Amino acid sequence: MLGTLDSEQIEQVLRAQTIGRLGLHAEGRTYVVPITYVYDGDAIYGHSSDGLKIRMMRSNPAVCFEVEDIDDMANWRTVIVWGEYEELSGDLATACMNLLHSRLAPLTTSETAGPAGRHPAAKDGIQVAYRVRPSVSTGRFEKS
């Protein structure tokens, strides 16, 4: 049976997962990239080194985010969120990184996987904290 997730089910999927895909478009180029994230009921929070993804979101802050919960090919839930990229600074950036650390640290298996890690491509260890507040969210499911 195929169906549509209601708003509560969409919230459950967003809160339960920690890896999703961020879709960006700028300068005639589309880019889809996996990210680790935390959803707090209001926004999707992430971090990145200052590279292509951040440059593209600064150029065009309209983004799309996708996440799924898959048991098998006949039992899955997927959510798509559209929203705006917002770069965080100061206390908001610190709060974002603390939120990411508290949720992701228990799952970290390498020095670059979590928010405390420094990605080798990061310039001087600079991490950009950001959030995406959903403006539209949709979800679908299949259950056998």
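The legends below describe close-up views of one predicted model.

Residues are numbered from 1 along each chain as its sequence is written, and side-chain values use heavy atoms, with hydrogens and water left out. Because the model is predicted, local features need pLDDT of at least 70 and side-chain atom pairs count only at pLDDT 80 or more, while totals for chains, interfaces and linings use all residues.

**View 1. The buried face of helix α2.** Helix α2 covers residues 52-59, and its buried residues are K53, I54, M56 and M57. Helices (H or I, at least four residues) and strands (E, at least two) are DSSP runs, numbered from the N terminus. Buried means under 20% relative accessible area, exposed over 50%, and partly exposed in between (1.4 Å probe, protein chains only). The buried residues of α2 line one face of the helix, because they fall within an arc of 165° seen down its axis; the arc is that of the directions from the helix axis to the C-beta atoms. They pack against β2 (19-26), β3 (29-36), β5 (44-49), β6 (62-72), β7 (75-88) and β8 (127-142).

**View 2. The largest nonpolar core.** A nonpolar core is a set of buried Ala, Val, Leu, Ile, Met, Phe, Trp, Tyr and Cys residues joined through side-chain atoms within 4.5 Å. Of the 25 residues in the largest one, L14, L22, M57, F65 and V79 touch the most other members. Two or more residues each come from α1 (7-16), β2, β3, α2, β6, β7 and β8. The largest share, four residues, is given by β8. Apart from this core lies another, of nine residues, among them V38, A43, A93 and C96. In soluble globular proteins, nonpolar side chains tend to be buried together.

**View 3. The surroundings of V79.** Contact means heavy atoms within 4.5 Å. Not counting residues up to four places away in sequence, V79 touches L5, I10, V13, L14, F65, E66, V67, T138 and G139.

**View 4. N75 in strand β7.** N75 is found in strand β7 and is buried, with a relative accessible area of 17%. Its side chain makes a polar contact with the side chain of D72 at 3.0 Å. A polar contact is a pair of N or O atoms within 3.5 Å; within protein, one must be able to donate a hydrogen and the other to accept it, and residues adjacent in sequence count only if both atoms are side-chain atoms. The side chain of N75 also reaches the backbone nitrogen of S144 at 3.0 Å.

**View 5. Two cysteines.** C64 is partly exposed, at 24% relative accessibility, whereas C96 is buried, at 1%.
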